[in-house]
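Please open the structure in your viewer and keep the selection panel at hand. The stops below are given in the order in which they may be selected.

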Amino acid sequence: MIRLENLTKHFGSASNPFVAVDNVSLDLPSGEICVLLGPSGCGKTTTMKMINRLIQPTSGKVFIDGKDTSTVDLIELRRSIGYVVQQIGLFPNKTIEDNICIVPDLLGWDRRKSRVRAKELLDLVGLHPDLYLKRYPKELSGGQQQRVGVLRALAADPPVMLMDEPFGAIDPINRETIQEEFLKMQQEIRKTIIFVSHDLDEAVKMADKIAIFRGGKLEQYAAPDDLLARPANSFIEDFLGSDRALKRLRLVNVSAAMETGFVTVSPSSSVEEALREMRAMRSIAAFVLAPDGAPQFLLSDEMAAGRSGTVGDHMVPVKGSVRMGNDLRQAVSLMFAHDMPLLPCVDENGRMAGVVSYRSIVSNLGHGENG
Ligand SMILES: Nc1ncnc2c1ncn2[C@@H]1O[C@H](COP(=O)(O)OP(=O)(O)OP(=O)(O)O)[C@@H](O)[C@H]1O
Ligand SMILES: [Mg+2]
């Protein structure tokens, strides 16, 4: 666990100090990712550098696993903390292999052991070791260099990682891929991570907790969903933007917005009867289930209006369904893609368990808003 206690940094003279970080306190449990978020110059990097004492705090303390870091030997402290710097910072005259092994080499690890580790790490992010170990940084793309920057920080297997805009130099499309890669890796390695970003979407995606800074002060510290649902003040509300409800989509499970009441009919039912049931349930479609319970066909009220005959005469195949464990963003994109205003939700066995509609989604996203 990492704890910051009244952490403060003044630059400049004592008589006329500039307060870069102002009395910041927060707790981060082991194995979680905290994203420091805020506009340029708000104190993110300074806060981060006080954790591995690249910057000496003016006052306040940092505890790692209960230990006051000002009592820990500086070299030992840095050894236990991986650090990804803001501008990648690979050494241009060293190969990728030697770049990754810088810290293990400094620590005096067995050379063979650290080279094996470099190979494993490259494999982990999909860079083929035979191709990349012996290359120099300038022979890699920007995204590949950033991957190597992250690997280098991981090489000595430190429990804590500080990452200063580690994916900042990557274009938006590749950035998504690297973020996903990194999250997958984190599932296995479970490091305690302080991560600086000024990209809200990145923060929402990566963070267990988000710390929003302004002018050196910690304005709010909360889980992403909490933050988006309940911004503490108008600065944060402005910072999150008017589409914060949309940003919540990826944080809310389909099961939270799912309505369990839905209409099922058999193909041999009359259209009239299907319409009656839809009206009774105030639903815009009826579903025909396969023998295994999967949603197979549907008849919408528009398709049924003014028609006679049976459901089987007019129904159409269900083009999409979403799993209850998926997030609402996936649900909405299926609803758009297949023009399905009522989307069936299925359980892990593929059986239909409910439906989501635009209305059920909107009313769920509205929960917890301040007004
Ligand atoms: N060594 C220094 N001496 C004086 N002022 C400094 C020093 N380092 C940083 N500052 C100031 O402290 C403030 C916080 O800087 P910091 O680097 O922590 O910002 P940041 O939030 O990381 O910004 P960015 O998003 O641009 O990286 C800034 O106003 C900066 O100019
Ligand atoms: Mg910075």
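Select Val35 and then Ile210 in strand 9, which stand opposite each other. The model is predicted: local features need pLDDT of at least 70 and side-chain atom pairs count only at pLDDT 80 or more, while totals for chains, interfaces and linings use all residues. Residues are numbered from 1 along each chain as its sequence is written, and chains are lettered from A and ligands numbered from 1 in the order in which they are written.

Helices (H or I, at least four residues) and strands (E, at least two) are DSSP runs, numbered from the N terminus; two strands pair if DSSP finds at least two bridges between them.

Next, display the whole open sheet, whose six strands follow the order 6-7-8-3-9-10 with mixed pairing. Its edges are strand 6 (81-84) and strand 10 (217-222), each pairing on one side only. From one strand to the next, the twist averages 15 degrees.

Now select helix 7 (residues 142-154), which lies across strand 6 and strand 7 and runs at about 165 degrees to strand 6. Axes are lines fitted to C-alpha atoms, for helices over the stretch in contact, and angles run from 0 to 180 degrees between N-to-C directions. Contact between two residues requires C-beta atoms, placed from the backbone, within 7 Å.

Finally, colour domain 1 (2-251) and domain 2 (254-365) separately; these bounds come from an automatic or database domain assignment. Their centres, taken over C-alpha atoms, are 44 Å apart. Five residues of domain 1 are in contact with five residues of domain 2.
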